[in-house]
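Hi everyone, thanks for coming.

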Amino acid sequence: MTHAATSQPPPKSMRKIALASMTGTVIEFYDFFIYGTAAALVFNQVFFPELGAAAGTALALATFGVAFVARPFGSILFGHFGDRLGRKGTLVTTLLLMGFSTLAIGLLPTTGMIGVLAPILLVVLRILQGLAVGGEWAGATLLTAENAPTKARGKYALYPQLGPSVAFALASATFLITALTMSNESFVAWGWRIPFIGSVLLVGIGLYVRLALEETSTFKESKSATTGSKLPITEVFTSRPAAVFLGAGSTTAVFAFFYIGVTYLTSYGTQQIGLDRPTVLAMGIIGGTVFALTTITSAILSDRVGRRKMVVIGNVASVAAGLIVFPIIDIGTAWSFGVGISIVLGVVGIAYGPIGAQLPELFPTRFRYTGAGIAYNLAGVLGGGVVPLVAAAVVPLYGSLAIGLLLASVSLLSLGCTLALPHTDADSFSNQDASLTPA
């Protein structure tokens, strides 16, 4: 079957779908990122006080990385239901799970109150956050990609891609406000909890928006025509294994640069460079803005010149950025730090913008949620979970230049995987569905 004749929502409805997709993604990644910011700034004192600043920060960032291990499992779990039952209901579930986990972290007693149980519960809640985000991205992207006009899929699929940049800027702004309105002692004692508890309001907005959406027409048609009984995860790895692993490799550099920018550089700026917390957070807002601009530009251009070409450009730019960024940051001024974090996040957007269309275009409709989600979140484990931990370990031994070399190496890996991927375009959804007959 093909979907060439699938009816598209009118422009007004398409804008509503795109904004709803972005709203939910912003909220989920905001919840995800405030954890990373808190881990870099205060969790070493709150949950690991006996380890000292350096070791405590490393362990706090390790708890941040735990969620990346959970993310592929989230993509399998929620991908199964998203491919079998629908995109909309699955996305409501991921939003509720993220909201519950984030609120619970904001209310969690510290190690000084309940001892070792506190960091254990922190890790459990972090795993739940990882499961939620693991199921979020693919579903949010498919809401727009499967509804969008074929010649503007990159343009509309960029809306959920804006979620991380907007969320990072919002998370930085939230912590900046708390830093400017209370003493450091108050922030450590209770101020860090405000962003977590306050996120409940955002979750309520996101839930209202998502409940008003309808299921994608592409999924409805696929479900009515599919008679297969195979599990989506089984079909992914029997029919499209290369797409999963090459797609993950292609996206690994995106995650490496992004999470170095949004988590590691927050602690690096305060502890290694000696900048004050408000300055680091303010520069994070600037970096998030640059990330949003490059994401928008690249996604729109991908409709004209192709997804793969834009991702290749992003990976090549990342190689260069990895080699120059830490010499710039190590100048040690507020503005050099701002330029550095803008470079790190700016190159992310070049490759990140197109993958909202590219990864879904690699898989047929009936297991697209699962396939795109696994590829995306496997990249998250390697780039977002492993690279920041390695960075924290190598700086004391080899200096910051080692991080740049690590980032450049990961970018070369992603470049090779991107070149090995097939070209995808506006007709890829129809071609993918036609290439497999229902089991």
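Predicted model: local features only at pLDDT ≥ 70, side-chain atom pairs only at ≥ 80, totals over all residues.

Let's begin with the charges. Side chains of opposite charge can pair when their charged atoms come close. Searching the whole structure turns up eight salt bridges. One of them joins Arg210 to Glu136, with the closest N and O atoms 2.6 Å apart. Arg210 belongs to helix 9 and Glu136 to helix 6, and the two are 74 residues apart. Are these residues buried or exposed? Arg210 has a relative accessible area of 2%, so it is buried, and Glu136 is buried too, at 0%.

Next, find Glu146, which forms a salt bridge with Arg368; here the closest N and O atoms are 2.9 Å apart. Glu146 sits in the loop between helix 6 and helix 7, while Arg368 is in helix 16, so this pair ties together parts that are 222 residues apart in sequence. Both Glu146 and Arg368 are buried. They also belong to a network of salt bridges that takes in Asp83 and Arg87.

Then there is Arg153, whose salt-bridge partner is Glu361, with 2.9 Å between the closest N and O atoms. This pair links helix 7 with the loop between helix 15 and helix 16, 208 residues apart. Again, Arg153 and Glu361 are buried.

On to the rings. Over the whole structure, the search gives 18 aromatic pairs. Take Phe237 and Phe245: their centres are 6.0 Å apart with 45 degrees between the planes, a tilted pair. Phe237 is partly exposed, because its relative accessible area is 33%. How are the rings of Tyr268 and Phe326 arranged? Their planes are at 85 degrees and their centres 5.5 Å apart, so that pair is edge-to-face.

Last stop, helix 13. Its 29 residues reach 41 Å from first C-alpha to last, close to the expected 42 Å. At its start, a side-chain oxygen of Asp276 comes to within 2.9 Å of the backbone nitrogen of Thr279. After the helix comes Gly306, with a positive phi near 110 degrees.

Notes:
Residues numbered from 1 in each chain as written. Heavy atoms only, no water. Phe/Tyr/Trp six-rings, centres within 6.5 Å; stacked < 30°, edge-to-face > 60°. Buried < 20%, exposed > 50% of the residue type's maximum accessible area, 1.4 Å probe, protein only. Helix = DSSP H or I, 4+ residues; strand = E, 2+ residues; numbered from the N terminus. Expected span 1.5 Å × (residues − 1). Polar contact = N/O pair within 3.5 Å; in protein donor to acceptor, adjacent residues only side chain to side chain. Salt bridge = Lys/Arg side-chain N within 4 Å of Asp/Glu carboxyl O.
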